[in-house]
Amino acid sequence: MLAQLHLTDEQRWAVVEYIKTFSGRFEGKAISMNKAIVVPDPPGRTTELISSGSQLYRDAGCVKCHGESGKGDGPSANELLDSKGNSVLIPDLTKMPRKMGDKPEDIYRILITGMEGTPMPSYYDVLDESQLWAVVYYLESIVTGRRENCMGMMGRMMDMVGEECIGMQIDMTAARAKMMGRRGPGMMRRMRRE
Ligand code: HEC
């Protein structure tokens with residue numbers, strides 16, 4: 001999934017509204033009627049919270065999928081399927097950036113909502129507020145670095161990682177193929193010499 005930076009805010013909301021028509025769930029509801037999820041203020045980060053988060057990560061079963069190390073190598077990792085029966089790539093939680101955001105409140109939000117359609121469950125009724133923050137701080141403590149950036153247009157380093165990078169490469173290959181089709185190989189050769 002590539003960042004759609006070329007869209008204005010208004011255009012982004014228009015696309016959001018269009019995508020919502022794919023599901024019956026939003027029928028008749030305007031954006032303003034949906035209640036926003038409130039993430040409570042985080043408590044101070046303490047070593048006690050981090051170590052209780054580490055215990056909860058094990059007790060709540062995160063290890064089953066995400067693995068002891070958080071690298072996505074849990075015993076169930078290879079069997080996970082999404083709601084359509086397609087296999088699911090389990091993220092490496094030790095690397096930034098994460099798909100759903102890197103800020104503590106982003107992680108908290110994911111833990112209470114889960115990720116519908118994927119095996120990532122909601123812990124809304126499972127862990128209480130202070131337990132959720134403990135897990136959030138534990139997840140922060142296991143980060144060892146960033147995923148690798150990718151080489152983009154003209155061999156320049158792009159601030160894109162992982163699946164985004166693959167997406168961008170597919171996008172660029174398609175755009176190149178389209179140009180070749182439109183202009184013919186002769187034109188491409190001329191362009192490269194410039
Ligand atoms: C049944 C397997 C399963 C369990 C149990 C599980 N997860 Fe996940 N989790 C997933 C999968 C699969 C994804 C990725 C979904 C996707 O992006 O398609 C995910 C995504 C996440 C993400 C978002 C990563 C990102 O890139 O933004 C976080 C954070 C996370 N899990 C933390 C946890 C924690 C903490 C627990 C335990 C409290 C937990 N998960 C339990 C399967 C699981």
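Helix 3 (62–66), helix 4 (104–113) and helix 5 (129–141) each contribute at least two residues to the shell around the ligand in this structure, which is a predicted model. Helix 3 provides the largest share of that shell, with four residues. In total, 27 residues surround the ligand, and the closest are C62, C65, K99, M100 and M120.

**Helix 2**

Helix 2 comprises 13 residues (residues 47–59); at 1.5 Å a residue it should span 18 Å, and because its end C-alpha atoms are 18 Å apart, the model agrees with that expectation. The buried residues of this helix are L49, G53 and Y57. They cover an arc of only 80 degrees around the axis, and therefore lie on the same side of helix 2. In general, an α-helix has 3.6 residues a turn, so residues three or four places apart point the same way. The other side of helix 2 carries the exposed residues T47, E48, R58 and D59. Packing of the buried residues is against helix 3 and helix 5. After helix 2 comes G61, whose phi is positive, near 90 degrees.

**The nonpolar core**

The largest nonpolar core has 18 residues, and those with the most contacts inside it are L132, W133, V135 and V136. Helix 2, helix 3, helix 4 and helix 5 each supply at least two residues of this core. Helix 5 gives the most to the core, with eight residues.

**Two residues and their contacts**

H66 is located in helix 3. It counts as buried because 24 C-beta neighbours lie inside 10 Å, and 20 or more are required for that class. The C-alpha atoms of H66 and A77 are separated by 7.0 Å, although the two residues are eleven residues apart along the chain.

Notes:
Residues are numbered from 1 along each chain as its sequence is written. This is a predicted model: local features need pLDDT of at least 70, side-chain atom pairs count only at pLDDT 80 or more; totals for chains, interfaces and linings use all residues. A residue is near a molecule or strand if its C-beta atom, placed from the backbone, lies within 6 Å of it. The expected span of a helix is 1.5 Å times one less than its number of residues. A residue is buried if 20 or more other C-beta atoms lie within 10 Å of its own, exposed if 12 or fewer, and partly exposed in between; C-beta atoms are placed from the backbone. The arc is that of the directions from the helix axis to the C-beta atoms. Two residues are in contact if their C-beta atoms, placed from the backbone, lie within 7 Å. A nonpolar core is a set of buried Ala, Val, Leu, Ile, Met, Phe, Trp, Tyr and Cys residues joined through C-beta atoms within 7 Å.
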